Amino acid sequence: MKIMVNAKGDDGEKDIHFSIHLPLSIIKMNFIWNQIADKTSKDCIPANIPGKEIYKVLKKWVKENGHLTIVDVDTKDAKVKIVI
């Protein structure tokens, strides 16, 4: 999994450019899903799906179809992309 951020700084500030590479296995951690479930509505993410099941599905998808872009936002001031 890769998170890439490129943002232009305001007047006199530096531009922000970074990329974070994370192993897909981080999705297995139920701590992550509990934090997401606490901060979102219950309709968006059901809490009863364990992270290990989500990991298996995503791993199979990547193996069969290649990487998947989850978020791709491109504005005049910033670009954010999350790829699994």
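Modeller: Let's start with a term: the radius of gyration is taken over C-alpha atoms, and the globule rule is 2.2 Å times the number of residues to the power 0.38. This is a predicted model, where local features need pLDDT of at least 70, side-chain atom pairs count only at pLDDT 80 or more, and totals for chains, interfaces and linings use all residues. Residues are numbered from 1 along each chain as its sequence is written, and side-chain values use heavy atoms, with hydrogens and water left out.

Biologist: Thanks! What radius of gyration does the chain have?

Modeller: For a compact globule of 84 residues, the rule would give a value near 12 Å. The C-alpha trace spans about 45 × 30 × 20 Å along its principal axes. The radius of gyration of the chain is 16 Å.

Biologist: And which pattern does the chain follow along the sequence?

Modeller: Helices (H or I, at least four residues) and strands (E, at least two) are DSSP runs, numbered from the N terminus. The chain has two helices and four strands. Read along the sequence, their pattern is β-β-α-α-β-β.

Biologist: Is valine 83 buried or exposed?

Modeller: Valine 83 sits in strand 4 (residues 78-83). Leaving aside neighbours within four places in sequence, valine 83 is in contact (heavy atoms within 4.5 Å) with Met1, Lys2, Met4, His67, Leu68 and Thr69. Buried means under 20% relative accessible area, exposed over 50%, and partly exposed in between (1.4 Å probe, protein chains only). Because its relative accessibility is 16%, valine 83 counts as buried.

Biologist: What about glycine 66: how far is its C-alpha from that of isoleucine 84?

Modeller: Glycine 66 belongs to the loop between helix 2 (51-65) and strand 3 (69-74). With a relative accessible area of 25%, glycine 66 is partly exposed. Glycine 66 and isoleucine 84 are 18 residues apart in sequence, and their C-alpha atoms are separated by 8.9 Å.

Biologist: Which residues make up the largest nonpolar core?

Modeller: A nonpolar core is a set of buried Ala, Val, Leu, Ile, Met, Phe, Trp, Tyr and Cys residues joined through side-chain atoms within 4.5 Å. Isoleucine 27, one of the core's residues, touches Met1, Trp33, Gly51, Ile54, Tyr55, Leu58 and Ile84, not counting residues up to four places away in sequence. The largest core has six residues: Leu24, Ile27, Trp33, Tyr55, Leu58 and Ile84.

Biologist: Lastly, what share of the chain's residues count as buried?

Modeller: Valine 83 is among the buried residues, while glycine 66 is partly exposed. Of the 84 residues, the buried share is 13%.
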